[in-house]
Protein chains: 2
Amino acid sequence: MTQLEAYITENEGRFLEDLKGWLRIPSISTLPEHAADIWRAAQYAVDQLTVIGFERARLIETSGHPLVYGEWLKAPGKPTLLVYGHYDVQPVDPVDLWHTPPFEPTIRGDNLYCRGACDDKGQTMLVFKALESLMTVNGTLPVNVRVLIEGEEEAGGESIEHYVKTHPERLGCDVVLICDTGMPAKDLPALIYGLRGIIYTEVEVRGAKRDLHSGEYGGIAPNPLHTLAIIIAGLKDAGGHIHIPGLYDKVRKPTTEELKFWNEDMLHINGLLLEEMGVSQFTGEAEYSPMERIWARPTLEVHGIIGGFTGEGAKMVIPAVSKAKISLRLPPDVKSEEAFMLFERRVKELAPAGVEVKVDKILGGEGVMVMPDSPPMQAAAAALKEYFGKEPIFIREGGSIPVAALFHEVLNVPVVMMGFGLPDDNLHSPNEKYSLSQFYKGIRTVASFLQRLT
Amino acid sequence: MTQLEAYITENEGRFLEDLKGWLRIPSISTLPEHAADIWRAAQYAVDQLTVIGFERARLIETSGHPLVYGEWLKAPGKPTLLVYGHYDVQPVDPVDLWHTPPFEPTIRGDNLYCRGACDDKGQTMLVFKALESLMTVNGTLPVNVRVLIEGEEEAGGESIEHYVKTHPERLGCDVVLICDTGMPAKDLPALIYGLRGIIYTEVEVRGAKRDLHSGEYGGIAPNPLHTLAIIIAGLKDAGGHIHIPGLYDKVRKPTTEELKFWNEDMLHINGLLLEEMGVSQFTGEAEYSPMERIWARPTLEVHGIIGGFTGEGAKMVIPAVSKAKISLRLPPDVKSEEAFMLFERRVKELAPAGVEVKVDKILGGEGVMVMPDSPPMQAAAAALKEYFGKEPIFIREGGSIPVAALFHEVLNVPVVMMGFGLPDDNLHSPNEKYSLSQFYKGIRTVASFLQRLT
């Protein structure tokens, strides 16, 4: 047993306690009443970095929630790694669906239940603990390391975007590690090399100057809810095809290798996906495999429709205004700004006469592609193989990590997305959890990754 | 000046105070927290009837809100009139759009502002005051009168339906007076001879077993909100044509006289309607005149869509369940039960594979047609001419008064719908009001109507 392995094994219990301490702070970034918790959670991360021996470990104030920064740059001639994580968490509604209180870390079996257990306090803490273990055992780190942790990942991430764009010189590095993703299964190590971008929009339709009664005006009045239905049905058909001219133009066909992998080797995932959803068939573009649809195709979803009467019973209102929240996921070659322009034009084109339509972009972020054969990716792959017993698969992910695109574009370095979450971790839902064995293996894997980066 | 006229003139101020007292009781029938107010409002009506000299004036308990009944049957050989009204009111949301508190009767100019000012406490009270005036001045009424007031008009009206169907013998009469409608303008007396029926439905769509994240499942998961958009867009096109096979089969073409009246003599109403809505053009079936669309065509409206995320900002949820509130207005020859069957079949046909769709009927009621040349209609017309200075026009109305259809069918008598509401009375909306001059003229007109019924 190496000294490093011995140290980690010996300290697993304390590592878990350090995570629990962080988890108990309800650092919900979208709720103003948790502002003090946000600061406590940020300071907790600063303290962790200080104890490890990081220098200039501190809070960086922003116009929103503070960033956490620390650096250890005492390995001249070695590459520099920038570690990213976030200390903020999602709200906990509906609270009554939680089996134990959302901010009381609770162990059941191999799992630690708590809001943030995985996303992203658990995954950030395991990187801290890999750094601590290396530093304690060796008195040094194998590479230079900067750490930048944000507190607005669940709230738009504006502050980190502003900071990275205005101070790229303070973040000079050769590679970025983001530990905020997952693996398809416990025994299936994976590295993300592609993420989709996103635009999230709000479409507002205005009809009459006031709400009207359907008995008096039904048949002659504009109905903004009906208009939204016509727009939404016109944007995407029941077969999942998006009818936005130009949107598919820049979608790059996946490589033959990718397609073979998705459509043949990953076929067994389909059953898991159906089970997770509790449905008997996939919807969407039947001419593409489910993996290709999630990872490499533009998709459009409606998230909510606002307006009119939504209580119990009957009210005969024709609302004056309605809104829909609609997002598009975009493969890396489709840029968010262009997609928004095409979307806005199409929405206005679909709107019938007699209503006013406004389209707002609530947020946008680009997709990312990192070549699997780049040295940092290969270092990560070797580390995963060491602790999970098999070669990782290289996968894309359907979600969006705007910060990954930010680092990729502004710092112009490869971004390694290596995370240890599992599909049943209930991110953003009640009973979020993190697997203890994934947490402990993650510490070892990240330590190994750092050693292989030199 | 007749004695009656003198009495009414002298007592206008008190009549208004009696109405205000009733209006101050927030008898919202759909909100359980107002259950006590419902009883107070009902008892207020009983007290009014008792003071006038009605016999057996009392509350009739039901499984819902109580009915109010009273009778005066001391005119042997004379016809019997059944008076209908309702003491319940609509909710007041959004409260912040009211210029004065919704249950504080406030006079500005010729108008009395308050929830229920018109619908229907104001219009019911004016009938009470006509009865009181006749009784006080003459010591008797010109005809026999029964009064039946309900407290669930805004909440489905189940109790009165049950009562009328099970006890028609207690309501024996020759004609019904419903004072719950309006006139197109202050100087345009009108009698309603046709009402549309209605079905109000809730369409529920179920997709995955739980809410999903659009990053992980966007492109393969069923989206119940998108399904609703497809269903709603499939039910009615942008041109207002309803695509429900069979729905138009039984729609009777209006008579040549009706069409001439609507399309030529009533053309000037179009400008008023556009102004009321604050729009520059009508939507709906362009091949029919606005009047024909509202009064004689089936129309379909969406009132609300439930599901997903409707807060500020962005949440990437694909909801597991969504619901839409959709109603159809039906001309008298289209029966509500058949329309519901056709609607349900069409909704299910429009639903794409991979979701479960359920259609519930929240309420239903038939349309009504009463011949303008029947004696009670002619009595009403003469009364209107007396106080509004010109022959009333005979119009239909786009709304639905299920209770009119109920009386029409079960009691098998003509139903006179003579009301004094105005198009800008903001029924069911913030700042509901009633014109004071309409209230006072209404008292005189109803008194005249009763004298002409003999």
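Start with the domains of chain A: in this predicted model, the centres of domain 1 and domain 3 of chain A, taken over C-alpha atoms, sit 29 Å apart. The domain assignment of chain A gives domain 1 as 3-195 + 367-452, domain 2 as 197-251 + 298-365, and domain 3 as 256-290.

Buried residues account for 56% of its 454 residues. If you take the contacts in chain A between residues at least 6 apart in sequence, 78% of them join residues at least 24 apart.

Now zoom in on Phe54(A), which lies in the loop between α2 (35-52) and β1 (55-60) of chain A. Is Phe54(A) buried or exposed? It counts as buried, because it has 24 C-beta neighbours inside 10 Å and the cut-off for buried is 20 or more. Leaving aside neighbours within four places in sequence, Phe54(A) is in contact with Leu49(A), Gly70(A), Glu71(A), Trp72(A) and Val147(A). Pro245(A), on the other hand, is 191 residues from Phe54(A) along the chain, and their C-alpha atoms are separated by 51 Å.

| Site | Feature | Angle |
|---|---|---|
| Asp93(A) to Pro94(A) | cis peptide bond | omega near -10° |
| Asp119(A) to Asp120(A) | cis peptide bond | omega near 0° |
| Arg56(A) | positive phi, not a glycine | phi near 50° |
| Asn431(A) | positive phi, not a glycine | phi about 60° |

Where do you find these sites? Pro94(A) is in the loop between β3 (80-86) and β4 (106-108) of chain A, while Asp120(A) lies in the loop between β5 (111-113) and α3 (121-138) of chain A. Arg56(A) has its place in strand β1 of chain A, and with 12 C-beta neighbours inside 10 Å it counts as exposed. Asn431(A) belongs to the loop between β17 (415-417) and β18 (433-435) of chain A; with 19 C-beta neighbours inside 10 Å, Asn431(A) counts as partly exposed.

Over to chain B, and its helix α1 (residues 3-23). This helix has 21 residues and reaches 29 Å from its first C-alpha to its last, close to the 30 Å expected at 1.5 Å a residue. Where does α1(B) bend by about 55°? The bend is at Glu12(B). Buried in α1(B) are Ile8(B), Phe15(B), Leu19(B), Trp22(B) and Leu23(B). In an α-helix there are 3.6 residues a turn, so residues three or four places apart point the same way. The buried residues of α1(B) pack against α2 (35-52), α3 (121-138) and α13 (436-452) of chain B.

Finally, the two chains meet. 70 residues of chain B are in contact with 67 residues of chain A. Strand β11 (residues 299-306) of chain B supplies the largest share of the chain B side, with 7 residues. That side of chain B divides into 33 nonpolar, 28 polar and 9 charged residues.

How values were computed
Residues numbered from 1 in each chain as written. Chains lettered and ligands numbered in written order. Predicted model: local features only at pLDDT ≥ 70, side-chain atom pairs only at ≥ 80, totals over all residues. Contact = placed C-beta atoms within 7 Å. Helix = DSSP H or I, 4+ residues; strand = E, 2+ residues; numbered from the N terminus. Nonpolar A, V, L, I, M, F, W, Y, C, P; charged D, E, K, R; others polar. Domains from an automatic or database assignment. Expected span 1.5 Å × (residues − 1). Bend = angle between axes of the 7 residues up to and from the residue.
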